[in-house]
Amino acid sequence: MVRSLGLRCLEVQEDGEMIIKRSGPRVKNAQKTKIGDHIFDSKMEGLRFIELERLKQAGIVTEIELQPGFSLLPTYWKCCNTIFGSLELKKGKCPYCGKKVPATRGIMYHADFRVTYADGRVEIEDVKGHETEIFRRNQKEFEYKYPELTLKLVKGVHR
Ligand SMILES: [Zn+2]
């Protein structure tokens, strides 16, 4: 498994947490971290998972879903100045001109966690050292599309 990820070496810490080191140049906070069966993109994300597991054990959190995916833009087809969904095309062809139309793949946003709290609250979390331009943009599109959900940026983790 480690080899298939193109990673060079493993380091097991005293607390049993395993850190996988990338062979390429190190990016700050972007060290792949393995906890249990899960591999996280950054150490901070792994630490947040441990924190959420503790909250679950304490009964504060009832469910933790990893890498929940959300569609921000559906896959679409464009022809004759018109946008079509998959059902509007006849065998992949434009209903107006009859030409075959290639699909433009939609945009998926993958958050880090979907956390359900005992009081029923659901929070979508993205764990990052700081707010990025891309995050702000994802957050706007996410909020617009999913008004019933809250996307939260988690900047710090308590050990
Ligand atoms: Zn057409």
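Two strands count as paired if DSSP finds at least two bridges between them. I began my notes with that rule, and with a second one: helices (H or I, at least four residues) and strands (E, at least two) are DSSP runs, numbered from the N terminus.

**Entry 1: ground rules**

I am working with a predicted model, where local features need pLDDT of at least 70, side-chain atom pairs count only at pLDDT 80 or more, and totals for chains, interfaces and linings use all residues. Residues are numbered from 1 along each chain as its sequence is written.

I looked up the confidence next; pLDDT is the predictor's own confidence in each residue, from 0 to 100. The protein averages 84, and 80% of the residues score at least 70. Residues 1-16 fall below 50, and beyond near neighbours in sequence this stretch has 18 contacts in the model. A contact here is a pair of residues whose C-beta atoms, placed from the backbone, lie within 7 Å.

**Entry 2: the inventory**

I found two helices and 13 strands in the protein. Among contacts with a separation of 6 or more, 49% join residues 24 or more positions apart.

For burial I used C-beta counts: a residue is buried if 20 or more other C-beta atoms lie within 10 Å of its own, exposed if 12 or fewer, and partly exposed in between. By that rule, 13% of the 159 residues are buried.

In what order do the strands of the open four-stranded sheet run? I read 5-11-12-13, with mixed pairing. Strand 5 (61-66) and strand 13 (150-154) are at the edges; each has a single partner strand, so one side of each lacks a neighbour in the sheet. From one strand to the next, the twist averages 25 degrees.

Strand 5 and strand 11 (residues 113-117) run antiparallel and are joined by five bridges.

I then turned to an open sheet with the order 8-7-9 and antiparallel pairing. Strand 8 (82-84) and strand 9 (103-104) are its edge strands, each pairing on one side only.

Three bridges join strand 7 to strand 8, and Lys 78 has Ile 83 in strand 8 as its bridge partner. Two bridges join strand 7 (residues 76-79) to strand 9, where Thr 104 is the bridge partner of Tyr 76. The hairpin of strand 7 and strand 8 has two residues between the strands, and Cys 80 takes a positive phi near 50 degrees there.

Which residues make up the largest nonpolar core? I listed ten: Phe 40, Phe 49, Leu 52, Val 61, Tyr 109, Ala 111, Phe 113, Val 115, Ile 124 and Phe 142. Helix 1 and strand 11 each supply at least two residues of this core. The term means a set of buried Ala, Val, Leu, Ile, Met, Phe, Trp, Tyr and Cys residues joined through C-beta atoms within 7 Å.

Phe 142 is in helix 2 and counts as buried, with 20 C-beta neighbours inside 10 Å. Leaving out residues up to four places away in sequence, Phe 142 touches Phe 70, Leu 72, Tyr 109 and Leu 151. Leu 72 is 70 residues from Phe 142 in sequence, yet 6.5 Å away in space, C-alpha to C-alpha.

Helix 2 as a whole is hardly covered: the count of buried residues among its 13 residues is one.

**Entry 3: Lys 128**

Is Lys 128 buried or partly exposed? I noted it as partly exposed, because 17 other C-beta atoms lie within 10 Å. Lys 128 lies in the loop between strand 12 and helix 2 (133-145). Setting aside neighbours within four places in sequence, I found Lys 128 in contact with Phe 135, Leu 153 and Lys 155. Met 44 is 84 residues from Lys 128 in sequence and 7.5 Å from it in space, C-alpha to C-alpha.

Methods: Axes fitted to C-alpha atoms, helices over the stretch in contact; angles between N-to-C directions. Contact = placed C-beta atoms within 7 Å.
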